[in-house]
Amino acid sequence: MLQAKSVEQATEHFGQLVNAQLARIERIKKEADWIDYQALDQIVIGVLGGDGIGPAISHEAQRILEDLLSDQVSSGKVVFRTIDGLTIERRAEERAAIPAAVLEEIRECHVTLKGPTTTPEQGDAWPNIESANVAMRKELDLFANVRPVRVPAEGIDWTFFRENTEDLYAVGSQGVTIGDLAVDFKMITKPGSDRIIRAAFDFAKKNGKDRLTIVTKANVVKTTDGTFLDTAREVAKDYPGIEWEGWYIDIMTAKLVDPKRRRDFQVLALPNLYGDILTDEAAEFQGGVGTAGSANIGKRYAMFEAIHGSAPRMVREGRAQYADPSSMVRAGAMMLSHIGYRELGERLGKALDLCGQYEAKLKMTGRDTGATSRLFGDYILETVRAPDLESRWDAAVRAAAGG
Ligand code: IPM
Ligand code: MG
């Protein structure tokens with residue numbers, strides 16, 4: 001953040017931000033195509049525990065993934081690497097969103113599984129460093145934040161494609177104050193919109209979806225959201241089999257809770273901040289943010305994480321061992337599919353549905369009235385290994401749908 005002493009100083013700062021974004025646009029235009037993980041001799045998976053409840057729930061996710069990938073690990077096709085140091089203490093010490101050594105290690109992996117990390121806010125005890133998530137998304141150009149929400153029994157099957165590197169987040173820690181005026185900058189680029197909207201259309205096409213929803217507030221935020229919507233109009237021409245429509249974020253938020261309408265939505269693409277908000281709301285339908293995983297995908301790297309924070313309150317109150325690992329395991333399931341083990345990813349997703357929504361033999365309450373992370377991890381592992389997983393899942397979904 002800059003506390004400008006004059007309009008000239010603020011203007012100069014703005015000029016620098018604009019130049020940096022223009023240079024970024026050039027980089028986007030030159031970026032290489034999507035990596036094919038299965039074509040690699042070895043896929044390196046980095047695991048970053050994060051802080052707060054992060055290490056405990058990441059540990060459960062890693063344990064389950066290592067079990068599912070045991071053949072690939074034995075043959076050397078897949079390796080897991082633990083990366084330490086992405087904690088609020090280390091970050092505060094180095095005054096860096098991501099310590100340099102940690103970033104270097106991350107770049108040596110193909111994909112990472114990342115536990116939640118504390119994000120300082122203006123006025124709290126930590127130095128006001130940028131969120132590690134936001135920094136990693138920008139550093140590794142993880143432009144697509146893919147967040148699925150499924151409640152099969154209610155016919156809900158949404159996949160959100162949240163743009164992950166632009167909008168109010170692009171330079172979120174570089175706003176300006178001049179006297180009593182505070183200014184943040186919302187930046188949206190055409191190539192940045194193009195690639196996220198295209199990713200959403202491609203996903204729809206590959207997964208037999210015939211409808212795509214673009215969410216903006218282009219009636220008011222005309223320049224940036226307008227660019228996003230205009231780009232959607234262009235991109236849509238390349239996907240004639242898929243119907244698309246534009247919705248405004250306010251009515252979208254309302255219609256997501258309308259039981260008559262909500263099952264019509266399939267794939268949604270939206271700028272960063274609207275995506276942040278709407279995906280928390282959406283996750284509530286499948287049992288809250290603790291159950292939702294999130295994939296941060298770029299053409300070269302990808303990072304998989306929970307959609308919630310590090311729950312410092314749970315740690316302060318000595319309840320960290322009761323944190324629900326489902327979100328991290330769900331992120332792990334997405335990772336499996338992303339790196340080419342789709343069948344395993346789907347099995348793990350179904351096991352999570354059974355453990356969290358349908359059979360729910362153990363309850364997670366976040367305190368000693370419920371199961372521990374470890375016990376719930378065991379439950380997921382036992383469920384995903386069960387030979388009758390598929391038939392149990394089918395039966396549970398049918399029963400929940402009322403027949
Ligand atoms: C998320 C989180 C982050 C975001 C925070 C922690 C910076 O809410 O991943 O949705 O706003 O993107
Ligand atoms: Mg969020």
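These legends describe close-up views of a predicted model.

**View 1. Asp 51 sits in a loop.** The loop runs between strand β2 (43–48) and helix α2 (54–68). Is Asp 51 buried or exposed? Its relative accessibility is 5%. Buried means under 20%, so Asp 51 counts as buried.

**View 2. Asp 51 has neighbours from other parts of the chain.** Take Thr 117: along the chain, Asp 51 and Thr 117 are 66 residues apart. Yet their C-alpha atoms are separated by 5.2 Å.

**View 3. The side chain of Asp 51 meets backbone nitrogens.** A polar atom of this side chain lies 2.8 Å from the backbone nitrogen of Ile 88. The side chain of Asp 51 also reaches the backbone nitrogen of Thr 118, at 2.8 Å.

**View 4. Ten strands form an open sheet.** The order is β3-β2-β4-β13-β12-β5-β6-β11-β9-β10, and the pairing is mixed. Which strands stand at the edges? They are β3 (78–83) and β10 (243–248). Each has a single partner strand, so one side of each is left without a neighbour in the sheet. From one strand to the next, the twist averages 20°.

**View 5. Strands β4 and β13 run parallel.** Strand β4 covers residues 111–114, and β13 covers residues 302–306. They are joined by 4 bridges. Val 111 stands opposite Ala 302 in β13.

**View 6. Helix α5 packs on the sheet.** This helix spans residues 100–107 and touches β2, β3 and β4. The direction of α5 makes about 175° with that of β3.

Definitions and conventions. Residues numbered from 1 in each chain as written. Chains lettered and ligands numbered in written order. Predicted model: local features only at pLDDT ≥ 70, side-chain atom pairs only at ≥ 80, totals over all residues. Heavy atoms only, no water. Helix = DSSP H or I, 4+ residues; strand = E, 2+ residues; numbered from the N terminus. Buried < 20%, exposed > 50% of the residue type's maximum accessible area, 1.4 Å probe, protein only. Polar contact = N/O pair within 3.5 Å; in protein donor to acceptor, adjacent residues only side chain to side chain. Pairing = 2+ DSSP bridges. Axes fitted to C-alpha atoms, helices over the stretch in contact; angles between N-to-C directions. Contact = heavy atoms within 4.5 Å.
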